[in-house]
Amino acid sequence: MRNEEVIRVLNAIGDLLEIKGETRFRVNAYRDAARQIEGLAEDLNSVAAEGRLRTIPGVGEAIAAKLQELLETGKLAYFERLKTEVPETLLVLLQVPGLGPRKIKLLYETLGVKGIDDLRAALVDGRVATLPGMGAKSIENLKREVERYEQRGSRSPLGSALPIVQEMMALLRERAGPAILQMEEAGSVRRRRDTIGDLDILVASDDAARVLDAFVGLPMVQEVIGHGDTKASVLGPRGQQIDLRVVPPDSWGAALQYFTGSKAHNVRLREMAVRKGWRLNEYGLYESASDRKLAGSDEAGIYAAFGLPWIPPTLREDNGEIEAGLAGRLPRLVQATDMRGDLHSHSTWSDGQASIEEMWAAARAKGYEYLALTDHSQSLGVANGLSLDRLREQREIVAAMNQRGEGPRLLLGVELEIRADGSLDFPDEVLAELDIVVASVHSGFSQPRDKMTARLVAAALNPHVDIIGHPTGRLIGRRDSYDVDVDALIDVCSRTGTALEINSHPARLDLDDVHARRAMELGCWLAIDTDAHAPDHFDLLPYGIATAQRAWVTPERVLNSLSLPDLRAHLDARCQTGGRG
DNA sequence: GCCGTTTTCGGCCCGACTGTTTTCAGTCG
């Protein structure tokens with residue numbers, strides 16, 4: 001059983017217990033455990049085999065025993081029994097805004113409502129209106145939400161959410177500029193999670209009404225869901241909910257901290273506050289006894305009060321950042337300014353949209369020291385992969401361009417097919433002549449785990465392969481990763497010095513933050529690349545950097561933060577030592 | 001159900017908003 005499945009079961013138990021009316025502390029215990037496992041890059045099966053389940057925070061005696069049973073038998077008697085008491089079909093109702101555990105329980109027990117269709121019927125024939133606490137307004141809202149439920153998308157990729165937020169902020173500044181003292185994105189967008197639920201914007205102003213009026217009147221607003229004195233919610237172009245919250249200037253820092261989250265990170269801070277006799281909310285940090293305000297106007301001040309350095313939003317997941325901060329051990333995260341070049345790009349020679357010259361010019365505009373040209377290799381027919389002859393032709397063009405001695409150095413490379421049978425697309429003697437080799441999987445996605453893992457491990461073991469490209473093959477929201485033991489791959493790469501790519505394309509972000517952090521911890525090299533197929537794709541690098549930051553990646557472990565001489569030395573050393581560099 | 005330099009028992013984050021209440025329950029983030 002994969003970690004995701006275990007997480008699903010734990011969350012379902014939490015939801016079912018909540019509907020059942022169980023105390024929220026027990027409910028939260030299951031959700032906490034699920035969240036902790038989400039942040040765990042290791043395979044739970046290995047953790048269990050080594051008797052380390054109890055070392056996972058939030059996993060105590062009872063949950064450890066349940067995990068053990070689930071992993072060993074694929075089933076959990078407790079869960080099965082729970083489902084006979086509370087039907088699992090009720091869980092979808094939790095997705096309907098306005099419906100929580102108490103109302104769902106009421107609907108189920110008095111009306112026998114077990115799902116969306118039951119709910120719609122009971123709304124239409126008036127039975128819901130007979131329930132206590134269900135007035136005309138509630139019925140109207142529920143009817144609307146049930147209709148909206150059908151067309152509601154799931155979380156959006158960061159790559160579509162962030163541009164919307166940025167465009168809205170730009171327009172808002174045009175229309176309400178003088179009233180806006182500070183403005184920033186908040187929530188998971190600011191933390192740069194790979195997918196985003198609701199989009200959040202925060203503004204500091206003395207004239208909230210003016211800002212909110214301008215916001216609900218923006219052209220991309222499809223529908224206004226709520227419009228109060230300090231907050232408004234709208235539906236954006238693709239039906240995403242966008243919330244704007246306006247706070248007074250002296251609460252800016254506290255509000256930004258509060259609305260950036262994550263929830264788990266905030267809960268930790270508020271617990272720390274309580275232990276110190278303080279109270280933390282979106283208006284500020286207060287001494288409980290005297291109500292004296294200790295901090296609130298700027299974010300760093302809040303953290304400073306706890307003896308913490310300012311914690312970058314990308315780290316705020318309660319995955320060790322608070323402990324690290326207290327100990328003065330927060331990492332120096334990789335930044336855009338650390339990056340010296342890109343090691344994965346394409347031209348019209350395979351499936352890119354621009355010439356080598358144009359790609360080189362774009363890299364020069366970025367101020368890069370080097371650019372690796374890595375067109376696809378021959379087997380990838382759909383992408384016009386390079387034959388050996390065309391690769392040789394490319395070599396001459398690249399050599400000629402490098403003769404100029406100006407701008408970024410072009411490195412001749414290839415994005416090498418890891419073929420379905422596990423073999424590589426070019427022989428070793430050809431690979432040996434290239435500056436850089438990115439090996440990737442583009443075929444046989446449905447192969448079983450052991451076979452897929454063997455393919456990738458074999459590639460990583462080849463001393464000429466420098467980088468494993470988009471190692472899990474996922475396309476966010478469209479295609480799951482192929483079934484590969486990423487842990488095993490990371491383990492091999494940590495020994496061979498083969499870098500793992502963090503592909504910056506917002507549809508990929510692959511490795512993801514959780515696995516990249518694991519790779520960091522085990523001492524792997526990483527390459528933060530754009531996989532650019534056009535000049536403006538180099539602009540996607542910030543997505544990869546954000547993912548790396550979420551993985552606690554420091555610049556000294558990023559291959560393309562090395563200067564050209566250091567990069568060359570590193571690559572040469574790896575070849576000479578047979579990949580043990 | 002978890003957890004512990006104030007505790008192995010008794011705690012476990014905080015406030016706003018909505019709709020329905022006549023003082024509050026439920027939901028949300």
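# Helix α22 in chain A

Helix α22, residues 541-550, is mostly covered, with 9 of its 10 residues buried. The model is predicted. The points below take the helix, then chain A as a whole.

**The helix and its surroundings**

- The buried residues of α22 are L541, Y543, G544, I545, A546, T547, A548, Q549 and R550.
- Buried here means that a residue has under 20% relative accessible area.
- Just after α22, W552 has a positive phi of about 65°.

**Overall build of chain A**

- Chain A contains 23 helices and 17 strands.
- A compact globule of 581 residues would have a radius of gyration near 25 Å, and the 26 Å of chain A agrees with this.
- The C-alpha trace of chain A spans about 80 × 60 × 50 Å along its principal axes.

**Burial and contacts in chain A**

- Of the 581 residues in chain A, 54% count as buried.
- Among contacts in chain A with a separation of 6 or more, 67% are between residues 24 or more positions apart.

**Surface and charge of chain A**

- The accessible surface of chain A is about 24700 Å², and carbon and sulfur atoms account for 49% of this surface.

Technical notes. Residues are numbered from 1 along each chain as its sequence is written. Chains are lettered from A and ligands numbered from 1 in the order in which they are written. This is a predicted model: local features need pLDDT of at least 70, side-chain atom pairs count only at pLDDT 80 or more; totals for chains, interfaces and linings use all residues. Side-chain values use heavy atoms; hydrogens and water are left out. Buried means under 20% relative accessible area, exposed over 50%, partly exposed in between (1.4 Å probe, protein chains only). Helices (H or I, at least four residues) and strands (E, at least two) are DSSP runs, numbered from the N terminus. The radius of gyration is taken over C-alpha atoms; the globule rule is 2.2 Å times the number of residues to the power 0.38. Contact means heavy atoms within 4.5 Å. Accessible areas come from the Shrake-Rupley method with a 1.4 Å probe; for residues, only the protein chains shown count as cover.
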